[in-house]
Every structure is written in structure tokens, then in C-alpha cells.
Amino acid sequence: MPGRRSTFAPFAGRSRRTIVAILVTFALCWGLSVVLSISATQGSQHRAAVVEVAARQRTLAERYVNEILLVRAGEPADPAATATVLVRSADALLNGGTAPEVQGDDDATALPAASGSVIRRQLMQEKRLAVDLTAAGSALLAHTSPAAVPMTANEHINVTDPVERLRVLAGLTSNVSLNAARTIATADDANISNLIITQSLLGIGGLSTSLLLALGLIAATRRQTAHFRSLVDSSTDLVLVFGTDGCRYASQSVTRMLGHPDTALLGAGFADVVHPDDRELVRTAATRAEPREIVFGIRNHLGEWRQLEAHLTDLRSDRHIRGIVLNARDVSERVRLEEQLVRQAYHDDLTQLANRVLFRDRLDHALARSERTDAPLAVLLVDLDGFKQVNDSLGHDAGDQLLRRVAERFAEATRPSDTLARFGGDEFGLLVEDADPAHAEAVAGRLLESLSQPLMVSDREFAIGASIGVVHHAGGPGNSDETIRNADIAMYAAKEAGRNRFAVFGEDMARRAIDLRQLEQELRLGLRRGEFSMHYQPEIDLASDAIVGVEALLRWHSPTRGQISPAEFIPVAEATGAIFELGEFVLREACAQTAQWHAAGMLADGFVTWTNLSGRQLSAGGVGALVTRVLGDTGLPAGLLGLEVTETAIVQDGSAGERARAELHDLHESGVRIAIDDFGTGFSSLGQLRHFPVDVIKVDRCFVQGAEHNAKDAAITANVVSLAHALGLLAIAEGIESETQLESVRSVGCDRAQGYLFARPLPAAEATALLAEPRRGDSQAA
Ligand code: C2E
Ligand code: CA
Ligand code: CA
């Protein structure tokens, strides 16, 4: 507020001017009255001297007569000196000047000239009488008749005795002097009355001016206060002021927002509308102005809780406020969104269970606690069996409902203190604290048991199982990542062991897991170090014995492990995602090599280099773009490339399957050949086969090799070949190792063959040499 005041004070200048005006008025009035008083006092002092001199004239006149009489009686006296003083004093009284001193009595006194007609007339008469008196006195001493002395004062004295005449003149002089002194004194009184009146007028004038100005100031201040109040009230900001006695002020915006009258908020009443959890916070903040920013809940008249965010300003030392000011805003919406976001960040929308992030957090805390207290805990990782089928055949809505039902069943089977989470898909996690191994296994059993009854979704019953991995943590330090990973390994073990069961994580699994991780790391490293290469196995046309294609097969020569079979590392690459890098490497190598052969004119018409595509690559999407890019980069015509995909990868249901089929379809349109690998091992969708963009069916090695001795395998081989032909496709037999096998596939009409009998997969150089050979009628190149 002090900061704002200095930048925004519309009336501050005006009020300052008013105060200055009041002060100036007072100063003027006071100064004027002082000047008046001084001048009046000075005037009075002068007049006192005048009155004194005037009064002295009377004494002087009488003394003069006595001195004349003394001289006449032969006594010593100096009437002439007294006469001089008398006359000169009369003159000084009238015209101003110095009234001479009277020996032994008064000092010489400076007098101003008399003003005012009455007094001047009286003094003129007095002066004339003094002259007449002294003239009569001189005449008496000179023994001339005083009556002969001309009278200037125009007084007609009917006394003839010269002494009596002198006495009369002295009496007249005394009278006139007395009158003059009285007149002067009266004038002085009048002056003092005037002074009092003037002073009073000045006082009244000053007071009323000041009052007027002060009223103006009050009005201005009121306007200013009203202005600020309306600013405060109309602003959406909520302003609250807290003093030692609780809430002292609540702006209208506060009362408007809460719907409570401000009387309900003032004083100690404010605490009643604050959320109980926040009362202490608000109380401390409102008494200490610490912390500077708080968020607290407050109840409106409808009983709803609103969230206020308040900034505190300590204005306790500001004498205008003397309190702590809270500038608050209603942030309920924001707080709600934040809470929702936090909820979203930590919860699974579908089941309202915790999500993986929250689970991880809880596990971290539980492990930290276990490290301190040695308390055991268990983590269970649950993967549903048979969920994919429901999801794929009935759609996502049914799948979602099913997941909700499962979540409900699991919640019923666990304690509220356990953390049950959905990790995504059909994977759930459960954290059981203070659980010994027996307890953990009992919980796993209860989860399986909870699914033993079929679940109802859209009026249909579904039987769903689960594979559960259990990790037991005996107590002490632990790592959440590792714990979850181990649970995952145990879960896969449960799946491998035949599903719908739980497996407890053990050291053997740990070792396998470590091996797998190790292998993955080496695999990625090996790819960068160029430890991978492609081998090419020729494909023979059974009618012409000509090499009509090659299958590109990946080889890894690890410096530490030696030659590793793709059957061993491909599943690891698929599980870890390294397959995407590997897959691109395979495509680039095979295409570049084929482009070289093509450029060298070594390839017969219809030649195809087949590469294997992992199901994981297909369902992840992007194969179409990758293949197109690689073809472009290597300049290989699309028709020279073939992709081998497994039956399960291509018949996949759901959006991933659809996308995969669409991508293959587009590639097929562009000329790329498609083969179904290991055909016959799935037998899932023979009928759909004609809808797929397929050119070739590869009969799986197990049928080809079994056909020799096993009638059923022979029949399957024959049927697959017939089916291929019925669909207008070519049939290739894999794994031909012997002449008998070759004969048997030839007899059922197989078009092409591949196997050690013709050639093993060969390094690029050897394959190139083989392709460069002139065409041989005898196909036994191996
Ligand atoms: P597949 O696609 O069925 O590949 C044929 C496998 O049979 C190859 O094994 C090949 O060496 C082997 N083979 C060929 N002729 C004979 C024969 O006469 N007798 C016997 N017993 N075997 C024969 P390989 O190279 O060890 O590959 C194993 C599997 O690894 C492949 O099976 C394929 O599924 C996968 N694979 C190999 N290379 C790649 C690749 O580049 N990408 C992907 N995704 N998978 C690959
Ligand atoms: Ca293959
Ligand atoms: Ca195969």
C-alpha cells in the first residue's frame, strides 16, 4: 500500500494545499494581531507619556503661580524656568517635540504631534492659556497691570486683582490641561477597544477561513476515501484487514463473494468461515504477516468451500491502517484444476486406481521405511490372461468395462492400506506392506480366486485369468525400479509356466533377468560396433532349379559370446525394443546388397530378397514409411524386396492389426512382395488369407521335415500348398535338408524350396559369388 500510495494519490496534492492555506491564514492573522498589538502598545506607551505631560501642565501652572507669589514675597524662586517648561511642554504636546525636564521631577519626554481635532483644539487653547498665564505672571513681577497684557486665549476674565487674575488663568490652564489629558486618555481607551474589536474580528475571520478550509479538506478526504473504497469494493480483489482484535475490515467484494454480511466476518467471526484445516495458518498469517502468501479455504453462505490465495502486507506500523492487509483472490477453479491434474497424474482414469507413477512413489516410501524399520513388503504384478481376446473381439468399450470389473474384484480382495494400481493395459500392481512371504502368496492366491467367477460385461460372461509375479522384500534397503522389474520377470515366469497362476521371484529368475539385460546392452553396443551382418540363403525354383531369391538372415558375432543365434537374441530384441534398430539395419543391409547385385546385372527376372519382419515391428506401426525410405535411399526397385511376416502378426485384431495390414497393403501396391512365414503353426485364419496382400506362403520347416515320416505332417504340407495355389499364391518349402524331403515337397506341387540341401545362409561375399556363377542345372550348390 505505501508503494501504491506514492504512485496513485489523486487528492493528495489538494489536501496538502488546503493544509498550507490553513496554516498561512493562521500565520497571517497571528502576525497581523501581533503587529496591531505591538503598535497599539507602542501607541499606548506614547499616549501614557502624553497624558503624563498633559497632567504635569496642571501642576506646572499651579507651581508657576506659587513661584510668582514667592518672588513677590521676596522668597527665592524661578518662575521663569517653570514658565519655559510650561510653554514648551504645551507646544510639544500640540506639535510634537521634546517636553523639557522638570528639575527634580520628570525627565525630558519626546512627544508626538497631537492628532484628532478635539485634542488639537484643546491643546491649542492650553498653549494659548500657558502663554497668557506666563505673560500675566511676567507682568505681575514687572509691576505692570496684568490686565494690560493682551490675552491670546480669548478668555474674558472679569477679575481685576492681578494675583487673582493670575490664579484664574492658572485655573483655566489647569482645567484645559486636565480636559486634554482626559481626552487623550479616552482616545487611548477607544484605541484599546478598537484593538480588541480588530483582534476579535481577525480571530473570527481566521477561524472561519480555517474552518471552511478544514471542511473542504474533510470533504476532499471523504471523497478520496470514498474513491479508494469504491476502487477496493469494485475490484475483484478481496481486501481484508486484520488487527489484534481479528478481522477489522472486509471489502464489499469479500461480502459479495461469500454472501455473508460483513458483520459476520469482522472480529473473531472470521475464523468460523475459514476451513478448520487452514485456521491455524490464517491465524498465524494474520497476526505475524508470515508467510507472505497463503492459500486457504473459506465457506460461502451456500456452504461451499472456496479457495482464496492471499498476499499479506504488514501495515501495522502504517498509522492509517494499523493492521495486516490480505489481498486475496478466489482461486478455487485453479486449485480444483491443480487437484484434478495431480489426480490425473497419479490416478488411472479408467479404474480410479493409483497409476504407475503413484505406485512408484508409494513403493519408494515403503522401501525407505523398510530400510529404517526392517519391515518386509511385497510387490505383486498382475497381467490378465485372455484380456486381449475380449478387447479385440468386442471392442474397447467392453474391454474398459472388463478392466473396471477386474479392478473392483481386486479392490475387494485387498486391504485398503495396500496400494492397488493399474499400470496401463491389462497390467495391475499391488504393494502390500508388512507382508511376509506367506502373506504375499496368500494375497496372490486371493487375487486369482477373485477372478475365478466369470465377470459380467454387457450382459455377457467372461472368464479371465491372471498371471502374477510376486516379489518379496525381506526388509532393509531396496530399489523400486529393480523391485518392479523383478515382479515383471516373475510375472513372465508365471505366464510361461502356463498362465493363471503366480510365480515368486527367485534368484534363478534374477540371474536370467540379469543375463537378458546384459544381452540387451551388448546387443545395442554390438549394433553400434558393427558386430551384426546379414547372411543370405538362396531360394530355388523347383521347376527350373534356378536361384529365384534369397532370404536375408541376421547374424551376430559377439566378441565375448561368439556366434549367437537369432532365435536367441531376436526375442530379447523384441522384448527390449532393440528390434526397431535391428530391423532397420536388416532392411538397409539387405536392400543395399540387393541393389548392388541388381546394378551388377546378377539378378534373374522375378528375383526377390526376402527379409524377416518382427511382429513387434509390425504392430508398432511405421513399417511402411521405413521400407519406402530405405528403398528410396538404396535405389532398390520395390519389386526386388520381399517381407516375411508371421501369420500371427498379420491376422492380429484391433487397431494395431488394421494398421499393420494397411501398411502392408500399401507396400504391396507399390510392388513389395509379402510372404507368410512359418505357415501352418497358427492356423488361425485360413479363411481370411485371401483378404491379405500376400504373394507367397512359406510352409514351416516342422511340416516339411515331418512329412517324411508323419502322414499328418505330409497331409498338412499338401493342404497348405493346395490352399496357396487355390488363392493364387506361391508355396515355398523351408528347411529342405535331404533329397527325400525335396521329393516329398515336389510331389505335393510345391513351387520353391529353401534349405541346407541347396545352401546354408551365406555371408554376403559368398552369396555374391554364388549368384555370379553361371546357371547350373544341378542345384546342389551347398
Ligand atoms: P526363419 O524366418 O524361419 O528363418 C529360417 C531359419 O531356418 C534360419 O535360421 C535358417 O538358418 C534356418 N534354416 C534354413 N535352412 C535350414 C535347413 O535346411 N535346416 C534347418 N534346420 N534350418 C534351416 P536362423 O537364421 O537361425 O534364424 C532363426 C529365426 O530367427 C528365423 O526363422 C527368424 O524368425 C529369425 N530371424 C533371423 N533373421 C532375422 C531378421 O533379420 N529379422 C527378424 N525379425 N527375424 C530374423
Ligand atoms: Ca523367414
Ligand atoms: Ca520360417
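**Close-up views of a predicted model**

**View 1. Helix α17 and its two faces.** The face of α17 turned away from its buried side carries two exposed residues, Ala567 and Ala575. This is a predicted model. Helix α17 covers residues 566–576, and its buried residues are Phe569, Val572 and Ala573. Seen down the axis of α17, these buried residues fall within an arc of 100°, so they line one face of the helix.

**View 2. Surroundings and ends of α17.** The buried residues of α17 pack against both helices and strands. The helices are α16 (507–529) and α18 (579–599). The strands are β15 (532–541), β16 (547–558) and β17 (562–564). Serine 565 caps the N-terminal end of the helix. A side-chain oxygen of serine 565 lies 3.0 Å from the backbone nitrogen of alanine 567. After α17 comes glycine 577. The phi of glycine 577 is positive, near 90°.

**View 3. Helix α14, its length and its buried side.** Helix α14 has 14 residues, 437–450. At 1.5 Å a residue it should span 20 Å, and its end C-alpha atoms are 20 Å apart, which agrees. Buried in α14 are Ala440, Val443, Ala444, Leu447, Leu448 and Ser450. They cover an arc of only 165° around the axis, which puts them on the same side of α14. Ala438 and Glu449 are exposed on the other side. The cover over the buried residues of α14 includes the helix α13 (396–413). Strands also contribute, including β8 (377–385), β10 (427–433), β13 (465–473) and β14 (501–504).

**View 4. The calcium ion (ligand 3) and its donors.** Asp677 (OD), Asp678 (OD), Glu734 (OE) and Glu734 (OE) coordinate the calcium ion (ligand 3) at 2.2 to 2.5 Å. In sequence the donor residues are spaced D-D-x55-E. The pair aspartate 678 and glutamate 734 links distant parts of the chain, 56 residues apart. Aspartate 678 sits in strand β20 (residues 673–679). Glutamate 734 sits in the loop between β22 (730–733) and α25 (739–747). Aspartate 678 is partly exposed, with a relative accessible area of 27%. Glutamate 734 has a relative accessible area of 9%, which means that it is buried, the cut-off being under 20%.

**View 5. Aspartate 677 between two calcium ions.** Aspartate 677 bridges the calcium ion (ligand 3) and the calcium ion (ligand 2). The two ions lie 3.9 Å apart.

How values were computed. Residues are numbered from 1 along each chain as its sequence is written. Chains are lettered from A and ligands numbered from 1 in the order in which they are written. This is a predicted model: local features need pLDDT of at least 70, side-chain atom pairs count only at pLDDT 80 or more; totals for chains, interfaces and linings use all residues. Side-chain values use heavy atoms; hydrogens and water are left out. Donors are N, O and S atoms within 2.8 Å of the metal (3.2 Å for Na, K and Ca); water is not among the atoms, so sites may look incomplete. Helices (H or I, at least four residues) and strands (E, at least two) are DSSP runs, numbered from the N terminus. Buried means under 20% relative accessible area, exposed over 50%, partly exposed in between (1.4 Å probe, protein chains only). The arc is that of the directions from the helix axis to the C-beta atoms. Contact means heavy atoms within 4.5 Å. A polar contact is a pair of N or O atoms within 3.5 Å; within protein, one must be able to donate a hydrogen and the other to accept it, and residues adjacent in sequence count only if both atoms are side-chain atoms. The expected span of a helix is 1.5 Å times one less than its number of residues.
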